[in-house]
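Please look at the sequence and the structure shown here, and then follow the paragraphs below from a single residue to its wider surroundings.

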Amino acid sequence: MWTRIGLIAVLAPIAAANFGCAPPATGTTMQIEDKVYTVTPASVTVKAGIVTGEVTEMKVTERIEKGSGRVESPAKLTGSLKLKNTSTDQTVRLVGGKIQYIDPQGQPIKLEESRTEPTIRFATYGSAERLDPGQDATQVLDVAFPVEALKAKKLKEIRLELVYLPSPYREEKVNFTVSIGGQ
């Protein structure tokens, strides 16, 4: 019995050293790189009724497998959308938005069938989804971009459609008579 325990005590550290120090398996891992396309201009001013704003830091990025050129992640338009309510007497409830890519003939460029339409969902600002007069909000853009639009001279414009609900904004003052402790 002591022989068996002695043999285990001698072999256990040797086995642990062999398994722990073994070189890692040499598997071929593909490297993924981002291919970035610049959008010119990178920033634009937008106006839709009483809502104005700016789209900034626009770029298109797709993830490509290095070596094979296989598309790992299809092209996306990213940037930042800052909107401001310029009205003096209306509150704006931001509902949503849509982006369309327009070709030189004025026609929308379709996305591939497996991809969803580029829509914008506005986050909740404070306690409600609204912008009071003079308020602004920033939204991150991260939407699908059609492969067809990456080709030279295929994209002329980007159309931003905003959906919002304006409602009257009023502030009223009310005075009321009070007395303290029977005065």
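Why does Leu141 count as buried? Leu141 counts as buried because its relative accessibility is 4%, where buried means under 20% relative accessible area, exposed over 50% and partly exposed in between, with a 1.4 Å probe and protein chains only. This is a predicted model, in which local features need pLDDT of at least 70 and side-chain atom pairs count only at pLDDT 80 or more, whereas totals for chains, interfaces and linings use all residues. Residues are numbered from 1 along each chain as its sequence is written, and side-chain values use heavy atoms, with hydrogens and water left out.

Leu141 lies in strand β8, strands (E, at least two residues) being DSSP runs numbered from the N terminus. Its contacts (heavy atoms within 4.5 Å), not counting residues up to four places away in sequence, include Val55, Leu77, Leu81, Ile99 and Ile120. Ile120 is 21 residues from Leu141 in sequence, yet their C-alpha atoms are 7.3 Å apart in space.

Leu83, when residues up to four places away in sequence are not counted, touches Val51, Leu94, Phe122, Leu131 and Leu162, among others. In soluble globular proteins, nonpolar side chains tend to be buried together.

Technical notes. Helix = DSSP H or I, 4+ residues; strand = E, 2+ residues; numbered from the N terminus.
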